[in-house]
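Here is a friendly walk through the packing inside one protein model. Have the sequence and the coordinates open as you read.

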Amino acid sequence: MSLPLDPDLVLRGYAAGIFPMADDRASDDLFWVEPRARAILPPDRFHCSRSLAKRLRSGRFTVTADRDFAAVLLGCADRPQTWINGPIEAAMLALHARAQAHSVEVWLDSELVGGVYGVVLGRAFFAESMFSRATDASKVALAFLMARLKVGHFTLCDCQFLTDHLASLGAVEVPRKRYVGLLGDALRSALDPPRPDWTSLDGLLSSDSVSASSEAAGKLIVQLLGQTS
């Protein structure tokens, strides 16, 4: 039987620059990882290509936040090789219940076709995993996530390991020492105004001029990602 993973221990791990993983879905064992080089995606440096901007403006997808965290978590785990085992899943669900873990969902009609989830601590968002079942769904999820972090005054998005996909969207690799410094700044400044707020984007998305259509929401996201201030 798998031993439970204490959600508070997970948070302490993130604050120390490490994160838990498992060998596979069925494994009972956990190990803690501290990469020598860490992938980060600065919220103000997200690369929204012309094709992605066109996809966002098209309104093909409807995007929500925290509507179905559990389904996003399972979507990320539904692959031949995953590091999300039972204890990690339970810990993430517990953190979500405490508003310390969040998800972005991408819907095509009424079907969940993509998403990303992660943990919030101070001004840092630790992006744990994402999945896609439709073309560009994960890119759209990340675009909405980056806009949410930018509007919400987050300064660090940790992506753990760099991939070609993440690099194409603006992610870069930094040495462990540099990452620890960025993480420390993100944690120490959490009480300084303006404080980080995961929900800040919701007010903009719920305005009368935006909430009427997914096309309007997509146009807003493109506009927000294009701003540098």
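Phe 69 and Tyr 117 are both buried, where buried means under 20% relative accessible area, exposed over 50% and partly exposed in between, with a 1.4 Å probe and protein chains only. This is a predicted model, in which local features need pLDDT of at least 70 and side-chain atom pairs count only at pLDDT 80 or more, while totals for chains, interfaces and linings use all residues. Residues are numbered from 1 along each chain as its sequence is written, and side-chain values use heavy atoms, leaving out hydrogens and water.

Rings of Phe, Tyr and Trp (its six-membered ring) pair if their centres lie within 6.5 Å; planes under 30 degrees apart count as stacked, over 60 as edge-to-face and the rest as tilted. The count by this rule is 4 aromatic pairs, and the table gives two of them.

| Pair | Centre distance | Plane angle | Class |
|---|---|---|---|
| Tyr 14 and Phe 126 | 4.7 Å | 25 degrees | stacked |
| Phe 69 and Tyr 117 | 5.7 Å | 80 degrees | edge-to-face |

Tyr 14 belongs to helix α1 (residues 7-15) and Phe 126 to strand β7, so their pair ties together parts 112 residues apart in sequence. Tyr 14 counts as buried because its relative accessibility is 0%; Phe 126 counts as buried at 1%. The pair of Phe 69, in helix α3, and Tyr 117, in strand β6, links parts of the chain 48 residues apart. Helices (H or I, at least four residues) and strands (E, at least two) are DSSP runs, numbered from the N terminus.

Now for the nonpolar cores, each a set of buried Ala, Val, Leu, Ile, Met, Phe, Trp, Tyr and Cys residues joined through side-chain atoms within 4.5 Å. In the largest, which has 42 residues, Phe 46, Leu 145 and Ile 221 have the most contacts inside the core. Helix α5 gives the largest share of this core, 10 residues. What does Leu 145 contact, leaving aside its neighbours within four places in sequence? The partners are Val 104, Val 116, Phe 125 and Trp 198, with contact meaning heavy atoms within 4.5 Å.

Trp 198 also has Arg 148 over its face, at 5.0 Å from the ring centre. Likewise, Arg 38 lies over the face of Tyr 179, at 4.1 Å from the ring centre. A charge sits over a ring if NZ of Lys or CZ of Arg is within 6 Å of the ring centre and within 35 degrees of the ring normal.
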